[in-house]
Amino acid sequence: MQSTKGYKIISQWLSSKKMKPFPFQEEAWQQIQLGNSGLVNAPTGFGKTFSVFLGAIINFINQHPKDYKTKKRSGLQLLWITPLRALGKDIARAMEEVVQELGMNWQIGIRNGDTDVNERQRQKRSMPEALIITPESLHLLLAQKGYAEVFSTLQIIAVDEWHELLGSKRGVQVELAVSRIVGLRKLQGVNEETEVGNRESGVARQQLIVAQEPSSNPSHPSSLNCQLSLWGISATIGNLEQAKDVLLSPLATRRKAGDGAVIIKANLRKDISIESVIPEEIEKFPWAGHLGLNLAQQAVEIIRANTTTLVFINTRGMSERWYQKILEIAPDLAGAIALHHGSIEQELRLWVEDALHTTKLKAVVCTASLDLGVDFRPVETVIQVGSPKGVARFLQRAGRSGHQPGKVSKIYFLPTHSLELVEAAALKQAMEENLIESRDPRMLCFDVLIQYLCTLAVGEGFKPSEIFEEVKSTFCYADITDAEWEQVLHTIVNGGDALLQYDEYKKVEPGEDGVYRIKNRRIAMRHRMHIGTIVSSPMMKVKFISGGYVGVIEETFISRLEPGNVFTLAGRNLEFVMVKEMTALVRKSNATKAIVPSWDGGRMPLSSNLGMMLRRKFNEALTSKDVELKALEPLFLLQQRLSHVPKENELLIEQIETKDGFHLFVYPFEGRLVHEAMAAILAYRISRITPITFSIAMNDYGFELLSDQPIPVDDTNVYDLFSTNNLFADIQRSVNSTEMARRKFRDIGVIGGLIFTGYPGEQKKARHLQSSASLIFNVFKEYDTENLLLRQSYNEVMEQQMEEVRLRNMLERIQQSTIILKWPTQLTPFCFPVKVDSMRENMSSEKLEDRIKKMQAQLEK
């Protein structure tokens, strides 16, 4: 490859910038020239983007050695799929710089929800050579007439940040779109060969020549279909091999995923410096949330000491509070600090991203909205406030600083309560051992499939027999049966068995030519507007009465406000005036106190890897040399005196009687979702021993059952209570799985097109959506019990909300562990944060803080 013109030109360009390629980048370029596909894996900041993009440029120059500079309108050469809109602009900036400096005529286009109509029309008339697109916009492209022509020149598909898409329904959208493009290229190859064959031999038209059998050599380009290369770009995750197989499944010429496929690993270690900010005084009775803000002064000192700092907060609501708090402590930072999260209006977000590049800002308080990005070079330091709950997420955020080869990534960990320092020590250990979480791919998402088939029916239409083969080639739908496929078709054509009488569910019409199409213009328009798999609570725009857009906020939050209430959004205190046409009208407020909005999905559960490391850290709680554990020594000594500090192979159960009643605290350290399910199962199993009712509370470390009578758990029955026997049945009986499935069905129904969320500007209220979903759910439950979407609702409850596999693994671990039963005379440092979480529901934050201070004072006497 090094002798090719493309490689020489790129090498010279890099040399002129005093850079040279890493071996992994050269390997990627080599594989792209061979026509192979694969996955590139490298740490953040080592040029993963260039490993594929420059490969595409080399490929193009080699194909057009004489006119690569002058050649215009070459058609779409590179399709770059990215999960975040914000990433699109970064990538386009990096690509345009290369193209301009090489003097090429390539156009770089962006297509996402923010792309205006004029730009879309320009792209329709003449596609850019490189198109950066989100999964949703790619599906919208498939809903256009003549989309096959768009992809006829395509050489390379790149899926950026594949680890972020894998395991989500947006990842399934990517799988389906890739399967369609690959299918088109197969068809194109067959048609071209047929034409040539007919021309040369004069064979009768009805004799079709089938595409050649692929080469038996998997590295040979012909073993992948029609020279289309597919590349995933991924940070490190625990199941890289599977991540590759999922993405490349449609390209595998036989049902053996992996033909002609490679994983290119950078084998470069990113130096990450982690420093925990230790509070001056360690609370022996910690509680979640409040400590972080008390450490804001230390955060300000870190910000002052660095050129640019990203302050990562886990929730949007807390990011608003942190932004206000930093300005309160350091008013001189006004204008040099900004706020960035998904609910702030787009123009302001874009300004913040640009200001990061040009070092106009000293700090940005942000959420996961800035987890990913091409290159914020000036960012020197990252502050992580509160546990990131997972090793992969922490690595990703740390990599935002020192985002260049050879630079050290510096990250500070600010705990929101003292026990989180154990998580900091666990994160350090996990990173040393490279213990990074896996992303499990989604299987048989029928709602996404139904939406996809309607997308194709809106555009050119589809032939079921052709599309079925393509769909089965994906990893997600590899196991779909003929009967399930027929039921999917029955759903989009007739509405399924239960909705046969309702014309609005009869969307797709089979034509005499065997092509399935949506002919009704109203149905087609409604479908185009709702392509996507992100179903959030209905959002309301927030605008000033005097004009000017602030951002968006969940309708449920606005519905609780009275006129005159003051709340915080985009770092401003706003007085709520009224709701008009799905818009909350506000005016600026100088009030010192404001309500902080809460957004759905704010609290992430602890990952299984971090939970395991946490349990291991407690082994050395009183002997460790880790600065975090040494700082916590007074807390551990008190815990040991009052109760017990559990080892990795122990499960601690505490039973405490207070004036509130009888408490049972259990500490599996498995994350709040598993604890919520386990608490319900344990409550159900105990109630079979004796009639008893409980209230339940949980956090990431453990859970609480509270009753007004003694709880019958002791040495004689404790192992049986944590048994895996009849687990599935006990889950069904202990939690209202039907109600949970009904809630889950709302999202599935919206994605599958059964529930219409309204036209832009007049979205249905959340309660109306839920009642529509409940109605259809009940109809399916009564009249169509085998319905695929009904089945999917129950499966998703088990897999995601109940985390059944992780729950079963936890119970198996407990059976092999020693269960330690303790009866402390008062609340302990471990149970205190769980107890506080149970009080949050019924108290304002001020009252809660007062009550906690009194409780702490009494316990420390």
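Biologist: Which residues in H28 meet which residues in H30?

Modeller: The model is a predicted one, and in it Ser 737, Thr 738, Met 740, Ala 741, Lys 744, Phe 745 and Ile 748 of H28 meet Leu 789, Gln 792, Ser 793, Tyr 794, Glu 796, Val 797, Gln 800 and Gln 801 of H30. By class, this contact has seven nonpolar, six polar and two charged residues.

Biologist: Why are H28 and H30 called roughly perpendicular?

Modeller: Helix H28 (residues 737-751) and helix H30 (residues 788-801) pack at an angle of about 110°, with their axes 8 Å apart. Angles of 65 to 115 degrees count as roughly perpendicular, and H28 and H30 are therefore described in that way.

Biologist: What makes the pair of Tyr 667 and Phe 830 edge-to-face?

Modeller: The planes of Tyr 667 and Phe 830 stand 70° apart, with 5.8 Å centre to centre, and planes over 60 degrees apart count as edge-to-face, provided that the ring centres lie within 6.5 Å. Tyr 667 lies in strand S22 and Phe 830 in the loop between strand S25 and helix H32, so the pair ties together parts that are 163 residues apart in sequence.

Biologist: How do you know that Tyr 667 is buried?

Modeller: Buried means under 20% relative accessible area, and Tyr 667 has 2%, so the residue is buried. Phe 830, with a relative accessible area of 3%, is buried as well.

Biologist: Which residues form one aromatic cluster?

Modeller: The cluster is formed by Phe 618, Phe 636, Tyr 667, Phe 669, Tyr 701 and Phe 830.

Conventions. Residues numbered from 1 in each chain as written. Predicted model: local features only at pLDDT ≥ 70, side-chain atom pairs only at ≥ 80, totals over all residues. Heavy atoms only, no water. Axes fitted to C-alpha atoms, helices over the stretch in contact; angles between N-to-C directions. Helix = DSSP H or I, 4+ residues; strand = E, 2+ residues; numbered from the N terminus. Parallel < 35°, antiparallel > 145°, perpendicular 65-115°, else oblique. Contact = heavy atoms within 4.5 Å. Nonpolar A, V, L, I, M, F, W, Y, C, P; charged D, E, K, R; others polar. Phe/Tyr/Trp six-rings, centres within 6.5 Å; stacked < 30°, edge-to-face > 60°. Buried < 20%, exposed > 50% of the residue type's maximum accessible area, 1.4 Å probe, protein only.
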